[in-house]
Amino acid sequence: MKNIKEAQPILTAIYCLNRTNENEDKTIRLILDYAFRRLFGANTNLLTLCCVGKTYAQMYDEVLQLLKRDTDYEKYLEEILK
């Protein structure tokens with residue numbers, strides 16, 4: 001993977017958005033938990049705490065800030081939305 005440094009913020013974004021979704025997908029949660037454990041030697045407990053009591057819209061704003069800060073996602077959006 002060319003930009004491996006972006007893997008953790010991308011997986012974090014997916015995890016958090018899935019956790020705040022009313023119809024959270026348990027399979028996605030388990031796969032992401034496994035990825036955090038295997039790839040980064042970390043668990044998702046703190047991420048889960050960050051999501052408690054937040055709506056999808058609230059979490060989406062925070063996720064966009066994370067992606068803007070730690071990835072080129074904003075640049076990607078600009079390119080595809082032209």
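Predicted model: local features only at pLDDT ≥ 70, side-chain atom pairs only at ≥ 80, totals over all residues.
The packing of helix 1 against helix 4 is considered at the outset. Helix 1 spans residues 7-20 and helix 4 spans residues 56-70, and the two pack at an angle of about 180°, with their axes 9 Å apart. Because angles over 145 degrees count as roughly antiparallel, helix 1 and helix 4 are described as roughly antiparallel to each other. On the side of helix 1, the contact involves Pro9, Ile10, Thr12, Ala13, Cys16, Leu17 and Thr20, and these residues meet Tyr56, Met59, Tyr60, Val63, Leu66, Leu67 and Asp70 in helix 4. The residues of this contact divide into eleven nonpolar, two polar and one charged.

Aromatic side chains were examined next. A pair of aromatic rings is described by the distance of the centres and the angle of the planes. A search of the whole structure finds four aromatic pairs, and one of them is formed by Phe36 and Phe40, whose rings are tilted, with 5.6 Å from centre to centre and 55° between the planes. Phe36 and Phe40 both belong to helix 2 (residues 26-40), where they are four residues apart and therefore separated by about one helical turn. Phe36 is buried, with a relative accessible area of 2%, whereas Phe40 counts as partly exposed, at 28% relative accessibility. Tyr56 and Tyr60 form an aromatic pair that is stacked, with 6.4 Å from centre to centre and 15° between the planes. Tyr56 and Tyr60 are four residues apart in helix 4, so that about one helical turn separates them. Tyr56 is partly exposed, with a relative accessible area of 41%, and Tyr60 is likewise partly exposed, with a value of 36%. Tyr56 and Tyr60 are also among the residues of helix 4 that meet helix 1.

The cysteines were then considered. A disulfide is a covalent bond between the sulfur atoms of two cysteines. The structure holds zero disulfides. For Cys16, the closest cysteine sulfur is that of Cys51, at 3.6 Å, which is too far for a bond, because a disulfide requires cysteine sulfur atoms within 2.5 Å. Seen from Cys51, the closest cysteine sulfur is in turn that of Cys16. Cys16 is buried, with a relative accessible area of 5%, and Cys51 also counts as buried, at 6% relative accessibility. Cys16 is, moreover, one of the residues through which helix 1 meets helix 4.

Two further residues of helix 1 were examined individually. Gln8 lies in helix 1 and counts as partly exposed, at 36% relative accessibility. When residues up to four places away in sequence are not counted, Gln8 touches Phe36 and Phe40, the two residues that form the tilted aromatic pair. Gln8 and Asp70 are 62 residues apart in sequence, while their C-alpha atoms are 9.2 Å apart in space; Asp70 is among the residues of helix 4 in contact with helix 1. Asn18 also lies in helix 1, but Asn18 is buried, with a relative accessible area of 8%. Its contacts, again not counting residues up to four places away in sequence, are with Glu24, Asp25, Ile28 and Arg29.

Notes: Residues numbered from 1 in each chain as written. Heavy atoms only, no water. Axes fitted to C-alpha atoms, helices over the stretch in contact; angles between N-to-C directions. Parallel < 35°, antiparallel > 145°, perpendicular 65-115°, else oblique. Contact = heavy atoms within 4.5 Å. Nonpolar A, V, L, I, M, F, W, Y, C, P; charged D, E, K, R; others polar. Phe/Tyr/Trp six-rings, centres within 6.5 Å; stacked < 30°, edge-to-face > 60°. Buried < 20%, exposed > 50% of the residue type's maximum accessible area, 1.4 Å probe, protein only.
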